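Dear colleague,

I am handing over the structure below for your study. Please open it and keep it beside this message as you read.

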Amino acid sequence: MTIEYSATSGSKGAADNTMPTTGPALVDDEATDASREPAKPRVLIVDDSRAMRMVLGRLMKQRGFEVIEADHGGKALDTLATVGPVELMLVDWNMPVMNGIELVGRVRDNPVNMETRILMVTTESQMRKIIDALETGADEYLMKPFTPESLGGKLDLLGFGTALD
């Protein structure tokens with residue numbers, strides 16, 4: 001990290017003892033490196049099934065996501081409080097401690113998470129459940145079992161593009 005000052009003469013210097021007119025500008029030397037990879041979008045996968053988290057995690061990593069996991073809604077809220085908002089959440093409905101629909105409502109109640117996209121991924125297939133999830137704040141709904149293509153289609157609808165090579 002370098003601290004650069006803008007001097008009145010217009011020259012720049014990190015150690016030239018000139019007084020700044022506009023204040024110090026922090027320059028992250030690593031951030032200016034053109035070879036640095038952009039930050040990966042983060043997905044929080046919330047499902048009580050370890051196998052389902054593994055399947056979803058593998059598919060999301062293939063799409064370029066950093067994967068974070070939680071096995072129930074309560075743990076997901078704790079995780080969000082620790083890591084901050086994520087770009088995407090994949091949420092199961094039926095889980096112990098806190099179910100998916102309650103989690104969605106709690107996430108949407110916090111303004112810091114308003115930009116987070118939420119995809120319900122669940123076996124619940126009744127139209128009333130789908131409507132409830134969307135009205136509570138889910139952005140999309142995917143029924144299990146699903147194919148990688150159907151997951152990809154939902155992610156495309158949510159603005160996350162196509163799979164990475």
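What follows is a description of the sheet and of the helix contacts.

Please note first that this is a predicted model.

**The sheet**

The model contains an open sheet of five strands, which are paired in the parallel sense and lie in the order β5-β4-β6-β7-β8. In general, the strands of a sheet pair through backbone hydrogen bonds, either parallel or antiparallel. The edges are formed by β5 (66-70) and β8 (140-143); each has a single partner strand, so one side of each is left without a neighbour in the sheet. From one strand to the next, the twist averages 20°.

Strand β7 (residues 117-122) is joined to β8 by four bridges, in the parallel sense. Val121 has Leu142 of β8 as its bridge partner, and Met120 stands opposite Tyr141 in β8.

**Helices α3 and α4**

Two packed helices are described by the angle between their axes and the distance between the axes. For helix α3 (residues 100-109) and helix α4 (residues 127-136), the angle is about 20° and the axes are 9 Å apart. An angle under 35 degrees counts as roughly parallel, and α3 and α4 are therefore roughly parallel to each other. The crossing of α3 past α4 is left-handed. On the α3 side, the contact is made by Ile101, Val104, Gly105 and Arg108, while α4 contributes Asp132, Ala133 and Thr136. By class, the residues of this contact comprise three nonpolar, two polar and two charged.

**Helices α2 and α3**

Helix α3 also packs with helix α2 (residues 73-83), at an angle of about 25° and with the axes 9 Å apart. These two helices, α2 and α3, are therefore roughly parallel to each other as well. Their crossing is right-handed. Where they meet, Gly73, Ala76, Leu77 and Leu80 of α2 face Leu103, Arg106 and Val107 of α3. The contact of α2 with α3 has five nonpolar residues, one polar and one charged.

**Helices α1 and α5**

Which residues of α1 and α5 meet, and how are the two helices arranged? Helix α1 (residues 50-62) and helix α5 (residues 148-157) pack at an angle of about 60°, and their axes are 11 Å apart. The two are therefore oblique to each other. In passing α5, α1 makes a right-handed crossing. Leu56, Leu59 and Met60 of α1 meet Pro148, Leu151 and Leu155 of α5. This contact has six nonpolar residues, with no polar and no charged ones.

**In brief**

The parallel sheet runs in the order β5-β4-β6-β7-β8. Helix α3 packs with α4 and also with α2, whereas α1 packs with α5.

With kind regards

Terms used. Residues numbered from 1 in each chain as written. Predicted model: local features only at pLDDT ≥ 70, side-chain atom pairs only at ≥ 80, totals over all residues. Heavy atoms only, no water. Axes fitted to C-alpha atoms, helices over the stretch in contact; angles between N-to-C directions. Parallel < 35°, antiparallel > 145°, perpendicular 65-115°, else oblique. Left-handed = near helix turned anticlockwise from the far one by under 90°. Contact = heavy atoms within 4.5 Å. Nonpolar A, V, L, I, M, F, W, Y, C, P; charged D, E, K, R; others polar. Pairing = 2+ DSSP bridges.
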